[in-house]
Structures are given as structure tokens and as C-alpha cells.
Amino acid sequence: MGRYDFRPMRVRQTAKALFDARRNDSLPQWYNIIGDIPPSETLARPLQRAPTTKKARKPSRMFQPLPIAYPEDKLRSEFFGDHPWELARPRIIVEDSGNDAKHYDWSNIVQPGKQLDGESVVQRQMWLMKHRAMSKPMAYDVARREFYFHRHREDIRRRVAQEEALYVGAYFGKGPMEIGMELEDRTWEGWKRWAREQLDDEEAARAQLFSAAPSTESTALEGEEFEAALEEVQSSVPQSKAGQPALGGAAIHP
Amino acid sequence: MIIRSVARAGRRALVQTSSQPWRRFLATQTDTIETTAENSFKQFHSLEAQFNATAPPQEAVPSFDPAAASAPASAHVTDSVAEQYHRFKQSQALIGKLGSYITPHYQPHTLLSNPPSPADVTLELLLASEAHQGHATSLWNPANARYIHGIRQGVHIISLEATAAHLRRAAKVVQEVSRRGGLVLFVGTRDGQDRAVARASELAKGYHLFERWIPGSITNGQQILSKCRTKVVNGKDEEIPGFEEQLMERPVLRPDLVVCMNPLENYVLLHECALNNIPTIGVIDTNADPTWVTYPIPANDDSLRCIQVIAGVLGRAGEAGQKQRLELAETGRVTYRPADNLVLPEALQEKTVAAAEPGAEMDLDESLEDADELADKLDMANNREMSNHAARAIKKID
């Protein structure tokens with residue numbers, strides 16, 4: 001075939017052909033090994049979906065892998081739909097031996113060696129439906145309430161631990177209130193700067209319109225500022241080689 | 001998750017150990033770990049010399065020594081710091097874990113220090129090693145359809161039965177090639193695969209590569225690898241000197257089997273092997289091409305744990321093959337066809353002509369055997385090439 005390169009698969013046949021044609025003096029030493037342990041079949045497409053006689057199915061779809069579905073999937077989507085923030089909790093997916101799930105006994109919702117998770121709720125629900133003959137909504141409620149009890153207890157423990165730590169002198173990083181206040185302060189300062197700029201622009205625009213009327217407000221310099229202004233020398237000189245920077249249009253130089 | 005539970009026999013065990021004299025209890029331990037203690041002693045000698053020089057000799061700081069507490073005091077008066085520390089470590093190993101029982105859990109370092117063997121390969125081990133995780137369904141190579149179990153959460157799941165079967169087949173090939181004295185090259189160029197690949201080659205007495213494969217090392221080997229040292233070894237892997245001139249004229253060596261942990265990045269290497277008729281083994285993910293290698297192992301090449309398991313299994317298989325080969329070599333039988341066109345240097349010829357045996361048994365078919373009877377009788381050699389890549393950790397031999 002054109003697109004495929006079968007040379008890796010055909011090493012043994014190639015070795016035999018080269019030996020028969022006397023290109024090589026001897027067969028390679030792995031010749032018998034590969035003869036005893038042949039490579040597996042390649043490029044075989046197993047039929048995944050049974051062909052139906054109702055209507056003509058596309059042949060390409062028949063060889064594609066099928067999705068794997070479990071009855072717990074529906075329960076999972078229901079639970080995480082009702083408790084979306086449970087998805088934000090970190091999950092440990094490292095397994096020890098691969099047989100971890102074999103030793104779980106879902107007569108309790110808490111299993112040694114497993115996090116209390118949405119998964120435990122779903123498994124507990126399945127167990128109740130199977131062994132206690134509960135209906136699905138009933139089992140969901142029972143499992144859910146056990147789950148809430150344990151989460152509430154965790155929260156109490158966390159709060160008490162924080163209080164104890166503060167009492168004996170621990171200090172923590174910034175809490176959400178403090179971080180929120182800092183962000184607000186930063187936004188406020190930025191807004192003030194922007195507002196100041198807007199006001200300055202408006203004043204300048206107004207000053208342009210009424211060019212004849214000098215304002216008698218706080219534009220007059222006093223004391224030190226006045227003397228400093230007198231000493232100030234402008235850097236640009238008219239009619240010089242360097243030239244003068246552009247300082248505005250016709251309105252400023254009437 | 002690691003679970004510590006209170007050991008039920010903890011108190012009783014503690015009572016038992018403390019009732020026996022410490023000296024006798026510890027003496028049996030020292031015999032078994034004496035060799036490792038020697039190394040630590042050497043380290044501590046210098047430390048001890050410094051300590052004894054600076055501190056006043058008679059007013060040593062009293063340290064609590066559980067061994068000294070119950071044993072007669074006269075025996076421990078002259079113990080040095082090193083010995084006290086050693087005894088402390090021993091007693092800690094004995095009674096440190098009393099009172100709690102830690103359930104068996106996954107310890108990552110054991111995959112490298114004590115890898116599983118082909119007999120230990122189970123579907124549960126492969127599942128825990130994440131060998132079943134394939135890539136997103138849109139990235140697949142349809143040639144791998146046979147190895148895929150199904151689709152879950154938008155990714156293909158590799159069938160672990162296929163993985164286990166192909167892994168055992170590849171392990172058998174590695175074992176047989178090692179038994180026949182072939183050159184096995186383990187290649188893994190991704191980040192983190194270096195330790196697995198080096199450990200596998202150490203077990204199988206093969207060669208490893210964890211840096212980039214230099215293109216042309218096989219097809220243009222005479223140019224690229226000409227500076228590498230070659231040596232002549234006998235059936236027991238002992239080097240025989242005196243072949244330097246003959247080795248200079250010989251062509252550069254090529255591996256007999258290449259095991260690749262990431263074929264997607266090493267296409268050039270696998271293509272060169274195909275051009276030169278070298279069988280290959282490769283870890284084939286759902287987006288890789290299974291026709292690039294002779295023996296595909298459908299598994300997840302993105303998981304380091306999976307690669308460590310596969311490399312460990314193949315390394316152990318190679319170790320078993322090498323053990324068989326060396327056991328046969330002890331009895332005088334050589335499992336491979338020795339190198340041809342090698343003549344013994346004169347110095348050895350007189351000795352060996354006198355002690356020549358009728359012929360070493362060969363484990364090959366008669367139709368394939370070379371007519372080099374002289375080499376057979378004198379129990380000669382095989383070239384072993386120290387490849388440039390393998391010698392990175394070792395000084396270059398000029």
C-alpha cells in the first residue's frame with residue numbers, strides 16, 4: 001500500500017530474502033526468535049457496532065470505538081448539577097494498586113482511603129438503591145444528607161482549628177475582606193486620577209473658548225512659586241537651529 | 001491514600017523486644033547490614049576525627065542510648081559517636097514503627113529500584129499506572145482501532161488486555177534476544193524517562209539513550225560513531241585485550257533490538273532501524289502509528305508511571321535472559337554465533353591451543369552456522385560497542 005511502510009513488520013522476511021539472494025552471509029541471530037514470537041496483526045479494524053439491516057449505515061461509523069457508559073453517570077450529572085462548587089474541590093486520582101475500589105463497603109458514606117466526594121454520594125446512592133430497595137430520589141436524599149452532615153462537621157473543625165491557632169499566636173495571610181478592600185482602594189485611586197484628568201481637560205477647553213477673560217481664581221502665583229517662575233528659563237529658543245517644539249495650534253498663538 | 005492504623009499487637013510487641021537483651025537482638029541485624037554500615041562508617045570516620053579533636057575527650061556530651069540503658073554499662077563506655085549513631089538507627093528500624101500499621105500504598109521509587117517482572121503484569125497494575133489513558137478522540141490514528149476499548153470523557157481508552165498481551169510478547173522477545181547475547185538499545189527521550197530507560201538497560205545489560213538521537217547513527221554510523229571504543233569479550237563477558245588493531249578495521253556496530261518509549265518523537269531512529277532491518281519495540285499511544293515498530297505495545301506514553309512500569313518489565317525480562325546466558329557460559333556453552341574474522345593475538349594462542357576443548361556447543365541450527373570452527377573451539381568473542389550515547393555519564397575513552 002502506498003501510505004504505509006511495512007518494513008518494520010517485515011524484518012524477518014527481508015532478512016530471509018537478503019540471505020537467499022546472498023547479499024548477507026548469514027541470517028541474523030534474532031531470526032529464529034522472531035519466528036517463534038511473531039508480531040501481532042496490524043491495521044486490523046474490529047467491527048464495533050453491529051450492522052443493522054434497517055437502513056444503509058455508513059461503513060466508516062461501524063469501525064469506530066463506542067462510548068463507555070455506566071448507570072452512575074446519570075447520578076453524577078444530577079449531583080454535580082445541584083452542587084456545582086463540588087467540582088471545584090481538588091481530586092486525587094492517583095491509585096495505589098488498581099484494586100482500591102474493591103475494598104469499599106458503601107454501607108457507610110465515609111470510606112478509609114477515599115476522599116468524601118460527589119463520587120461517594122453516588123456510590124452510596126447506588127448501594128441504597130440496590131441493597132435497601134430505595135427509589136432513586138429517596139436514596140439520593142439519604143446519601144445527600146449524610147454527605148451534608150460530614151461536610152458541616154469538616155467546616156466546624158476548620159473554624160475551631162482557626163480559632164485555636166489564632167489564640168496561640170498564629171497569623172494567617174490576607175483574608176478575602178482585606179484583599180477586597182485593597183482592590184477597591186486601588187480602583188478608587190485610579191478613578192480619582194482619571195476624574196482629575198477629565199476636569200483639567202474640561203477647564204482647558206473652557207479657557208480656550210473664553211480667551212479674552214482672564215480668570216481671577218487661583219491661577220496667580222505667590223511667594224516662592226512666583227520667584228521660581230521668574231528664574232525659570234525656557235529650553236526652546238526661537239529662530240535657532242534646534243527649533244521650537246510644537247505647543248499647539250492657532251488658538252494659542254493668535 | 002496512606003492510612004495509619006493502630007497496630008493491635010503494638011504493646012505486646014514492644015514488651016517482647018524490650019525483655020530480650022538488646023545486644024543479642026541487634027547482633028543478628030548487624031550481620032545482615034554490615035556491608036552497608038561499612039560505607040557509612042567511612043563517612044563518619046572523618047566526622048568523628050573532627051569531633052574528637054575539637055571536643056574535650058573525657059567530657060563527652062551524654063547521649064541517651066537505649067542499648068546502653070539495659071545492657072551492662074562497662075561494655076559501652078568506649079563507644080564512638082559513629083557506633084552510637086549506628087545503634088540508634090538500628091533500634092529505630094526495629095521499634096520505630098511499633099504502634100501503627102501503614103497500609104501498603106504506591107511508592108514511586110520502587111518502580112525504579114525494584115521494577116515489576118513480566119509475571120507481575122496484571123490489569124490492575126496497568127490501570128493504576130494510567131496505561132489506559134489515550135488521547136482526545138479527534139487526534140486518534142484509526143490504525144489503532146483494535147487496541148481501543150471505548151470512549152470516555154472525550155478520550156480514547158486503551159484496552160488493558162491488549163496492553164498486557166503485547167507487553168508480555170515484547171518482554172519475551174527482549175528476554176530471548178538478551179539470552180542470545182544481542183545488543184538491546186533502550187530509548188526514551190522525553191523529560192523524566194531517563195531514569196526508567198537507564199535502569200532498564202542496567203538490568204538487561206544493554207544500552208540506553210535519553211538525549212536526542214543523532215540522525216544517521218545507523219545509516220551513517222561509520223562517520224558518526226567511528227570514535228567510539230569497541231572491545232572484545234569472551235562468553236563470560238570478560239574483556240580480552242590485544243585486539244586493538246583488528247578492531248580498527250571492523251565496521252561500526254548496530255543494535256540487534258531497539259526499544260523505544262516515545263516513538264512519536266523518534267521517527268528518524270525507527271526509520272533507520274527499518275532501513276537496516278533491525279526489529280523494534282515501541283509504546284504506541286492512540287495517536288501514534290503502529291506500523292513504525294515491529295512489536296507495538298499499546299499504552300499511554302505520556303504517563304511517566306506507565307513508562308516506568310513498561311521499561312521495568314522489559315528490563316527484568318532482559319535480566320532473566322542475561323542470567324540464562326551467563327549460566328550457560330559458566331558451563332562452557334555460548335548461546336550466540338561469535339564474531340567472525342577475529343584472530344587471537346599471539347600471546348594467547350600458545351596457552352589456548354594446549355587447553356583447547358573439542359568444541360563449545362552452539363545453540364543454533366546447523367544450516368545457519370558459519371564455517372569458523374577455530375573461533376568456536378577457542379571460546380571467543382563478541383564485539384561490544386560502548387555507544388557514544390551510553391557513555392555520556394562515563395568519561396569518554398580516547
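## Close-up views of a predicted two-chain model

**View 1. The parallel sheet of chain B.** In this predicted model, five strands of chain B line up in the order 7-6-9-10-11 as an open sheet of 5 strands with parallel pairing. Strands here are DSSP runs of E with at least two residues, helices are runs of H or I with at least four, and both are numbered from the N terminus; two strands pair if DSSP finds at least two bridges between them. The edges belong to strand 7 (207–209) and strand 11 (295–298) of chain B, each with a single partner strand, so one side of each has no neighbour in the sheet. From one strand to the next, the twist averages 20° (axes are lines fitted to C-alpha atoms, and angles run from 0 to 180 degrees between N-to-C directions).

As for the housekeeping, residues are numbered from 1 along each chain as its sequence is written, while chains are lettered from A and ligands numbered from 1 in the order in which they are written. Since the model is predicted, local features need pLDDT of at least 70 and side-chain atom pairs count only at pLDDT 80 or more, with totals for chains, interfaces and linings using all residues; side-chain values use heavy atoms, leaving out hydrogens and water.

View 2. Strand 6 of chain B runs parallel to strand 9 of chain B, joined by 4 bridges, and parallel to strand 7 of chain B, joined by 3 bridges. B:Val187 shows up in both pairings: its bridge partner in strand 9 of chain B is B:Cys260, and in strand 7 of chain B it stands opposite B:Leu209. Further along the sheet, strand 9 (residues 257–260) and strand 10 (residues 280–284) of chain B make a parallel pair over 3 bridges, with B:Val258 opposite B:Thr280.

**View 3. The antiparallel sheet of chain B.** Another open sheet has 3 strands of chain B in the order 3-5-4, with antiparallel pairing. Strand 3 (133–136) and strand 4 (148–152) of chain B sit at the edges with a single partner strand each, so one side of each lacks a neighbour in the sheet. Direction ignored, neighbouring strands of this sheet are turned by 30° against each other on average. Strand 4 of chain B meets strand 5 (residues 155–158) of chain B over 4 bridges in the antiparallel sense, and B:Ile148 stands opposite B:Ile158 there.

View 4. Helix 13 (residues 304–330) of chain B has 27 residues, which should span 39 Å at 1.5 Å a residue; its end C-alpha atoms are 38 Å apart, which agrees. The expected span is 1.5 Å times one less than the number of residues. With 19 of its 27 residues buried, helix 13 of chain B is largely enclosed by the rest of the structure. Just after it comes B:Gly332, with a positive phi of about 95°. Helix 8 of chain B is mostly covered, with 15 of its 20 residues buried, and B:Gly181 just after it takes a positive phi of about 75°.

**View 5. Aromatic rings in chain A.** A:Phe79, A:Phe80, A:Phe147 and A:Tyr148 form one aromatic cluster. Over all chains, the count is 8 aromatic pairs (ring centres of Phe, Tyr and Trp, with its six-membered ring, within 6.5 Å; planes under 30 degrees apart are stacked, over 60 edge-to-face, the rest tilted). The rings of A:Tyr4 and A:Phe6 have centres 5.9 Å apart and planes at 20°, so this pair is stacked. For A:Phe79 and A:Phe147, the ring centres are 5.5 Å apart and the planes at 80°, so this pair is edge-to-face. A:Phe79 lies in helix 4 (residues 72–82) of chain A and A:Phe147 in helix 6 (residues 136–167) of chain A, so the pair ties together parts 68 residues apart in sequence. Both A:Phe79 and A:Phe147 are buried.

Methods
Buried < 20%, exposed > 50% of the residue type's maximum accessible area, 1.4 Å probe, protein only.
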